[in-house]
Amino acid sequence: MLDPKLLRESPELVRAAIAKKHLDVDLDAVLALDAQWRALLSEVEALRAKQKAANNEMAALKKGSPEFLAKVQEMKAVSAQVKAEEARLGEVEAKWRGAMLTLPNIPHASVPEGRTPEQNVVFSTHGDTTAVSPHAKSHWDIAGFDRLFDFARGAKVTGAGFPFYVGDGARLVRSLIQFFLNEASRAGYQEVNPPVVVNAASATAVGQLPDKEGMMYQTVEDQFYLIPTAETPLTNFFRDEILDEAALPVFRCAYTPCFRREAGSYGKDVRGLNRLHQFDKVELLKWVHPSQSYVELDSLRDHAENLLRQLELPYRVLLMCGGDLGFTQAKKYDIEVWSGGQKRWLEVSSCSCFEAFQARRAQIRFRAKETGKPELVHTLNGSGLAVPRVLAALLENNLQADGRVRIPTVLVPYFGKEYLSFA
RNA sequence: GGAGAGGUGACAGAGUGGUCGAAUGUGCAUGAUUGGAAAUCAUGUGUACGGUUUUCCGUACCGGGGGUUCGAAUCCCCCCCUCUCCGCCA
């Protein structure tokens with residue numbers, strides 16, 4: 001959510017943001033609602049002040065005296081009026097709030113113009129995409145793939161997009177998770193093991209409700225949601241809290257399974273490990289002082305990149321253009337790994353700075369030493385990393401002539417051997 | 001899942017219909033005192049929104065929501081959470 005004061009004082013900034021993100025929002029309607037809401041609020045508050053004053057007078061009067069009874073009669077009318085006006089205020093306020101929630105976060109000045117994913121800027125490229133194994137092929141075509149990554153049985157037991165990982169497949173998944181977590185710890189992120197189902201308030205605070213309800217699995221009895229990312233429980237950790245300024249920045253990481261319904265995709269995007277309904281991911285979160293958010297975004301991105309470098313996987317970094325930037329983000333980098341068999345880039349991380357947009361909605365603040373007043377923190381998050389696509393790239397890029405997969409040196413201590421075998 | 005108790009400001013803890021944003025204590029901040037500290041004394045110490053704008057003023061908030069009433073922290077209803085006991089269970 002945007003700062004209502006910003007909207008009032010600099011509507012042109014908000015208008016420019018909407019244009020840069022290529023969104024269609026009727027800003028004038030929002031402004032009109034805002035004015036209406038404020039006018040109505042003043043009216044109601046004046047009425048309540050009147051009520052309060054009368055209340056104090058009546059406390060001094062003798063109960064049951066003629067003056068007292070007269071006052072009761074008089075205030076009955078005011079009371080009815082307050083009730084009616086409050087009902088109206090409630091309606092307008094709900095509309096106003098709804099309208100405010102349609103306003104996107106302001107893109108950072110460094111975000112390039114553009115409407116489509118093609119207009120994202122290639123920020124950097126690392127590693128040699130031509131240096132992958134000459135035997136690379138799409139991972140689902142690798143002989144024996146189905147034994148270690150059993151989609152058929154997953155579909156029987158649950159549904160499409162819920163594979164079983166078996167044997168060396170399961171072991172490699174665990175190795176990657178452990179490697180990612182250890183690296184995050186080493187970089188100063190405190191490890192957290194959060195709940196993987198959250199309530200509606202938490203989903204709302206990070207913007208997954210109400211608009212993205214369809215992307216989450218829901219429980220029947222309790223109105224809980226399976227998390228689409230660890231960002232959801234982690235960001236909510238400090239919801240409605242005021243932190244010490246000295247405690248900032250706070251770095252946290254978490255491994256969780258992630259659940260996404262993602263209806264509507266098809267084709268090669270959803271083949272094999274490319275897109276699943278349940279997948280494993282290590283997520284990195286930062287709560288920082290507003291002056292540090294972009295320095296922190298760079299170091300967050302660099303941490304994620306470093307994981308791919310250590311895994312010896314070619315990758316590139318995209319700086320998202322205005323039109324491809326999410327609603328809530330001020331700036332975002334996507335990191336894509338090179339999939340040598342499919343000969344395409346696969347997104348394995350998305351590093352975003354939200355500035356105060358999430359924090360305002362979730363009411364996460366810190367007490368500023370200077371003023372002693374609470375201020376909103378800035379939040380950032382990024383994957384470090386999503387497992388299945390890294391897995392896909394590893395299987396493809398490192399496929400040997402004999403059908404085995406070479407394990408990157410850094411993973412060998414975790415995996416316990418130098419080659420993964422499909423036999 | 002069943003029975004009972006409870007949820008008040010940073011913390012402890014009063015308050016059962018009116019002058020209560022809320023006693024008191026602790027903590028914290030500033031000042032006095034001191035060579036310095038402790039102790040003591042004094043003053044101050046929530047958040048949000050709106051109006052105004054170097055000052056202030058108004059309104060709201062006593063777990064959440066609804067109701068009764070001229071008026072609710074206080075009465076009624078629903079929900080959530082915590083604790084104790086029982087049941088169940090890894």
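Two residues are in contact if their C-beta atoms, placed from the backbone, lie within 7 Å. Keep that in mind as we look at this predicted model, where local features need pLDDT of at least 70, side-chain atom pairs count only at pLDDT 80 or more, and totals for chains, interfaces and linings use all residues. Residues are numbered from 1 along each chain as its sequence is written, while chains are lettered from A and ligands numbered from 1 in the order in which they are written.

**Around Gln208**
- Leaving out residues up to four places away in sequence, Gln208 touches Ala203, Met216, Pro228 and Thr232.
- You can find Gln208 in the loop between helix H8 (200-205) and strand S6 (225-226); helices (H or I, at least four residues) and strands (E, at least two) are DSSP runs, numbered from the N terminus.
- Gln208 counts as buried because it has 22 C-beta neighbours inside 10 Å; the cut-off for buried is 20 or more other C-beta atoms within 10 Å of its own, with C-beta atoms placed from the backbone.

**Near RNA strand B**
- Among the 21 residues around RNA strand B, Arg48, Ala49, Ala59, Met75 and Ser79 come nearest (near: the C-beta atom, placed from the backbone, lies within 6 Å).
- Helix H3 (27-60) and helix H4 (66-100) are the elements that give two or more residues to this surface.
- H3 supplies the largest share, 13 residues.

**A sheet**
- An open sheet with mixed pairing has 3 strands in the order S7-S13-S14 (two strands pair if DSSP finds at least two bridges between them).
- Strand S7 (241-244) and strand S14 (374-376) are its edge strands, each pairing on one side only.
- Phe366 has Glu375 in S14 as its bridge partner.

Conventions:
Buried ≥ 20, exposed ≤ 12 C-beta atoms within 10 Å, placed from the backbone.
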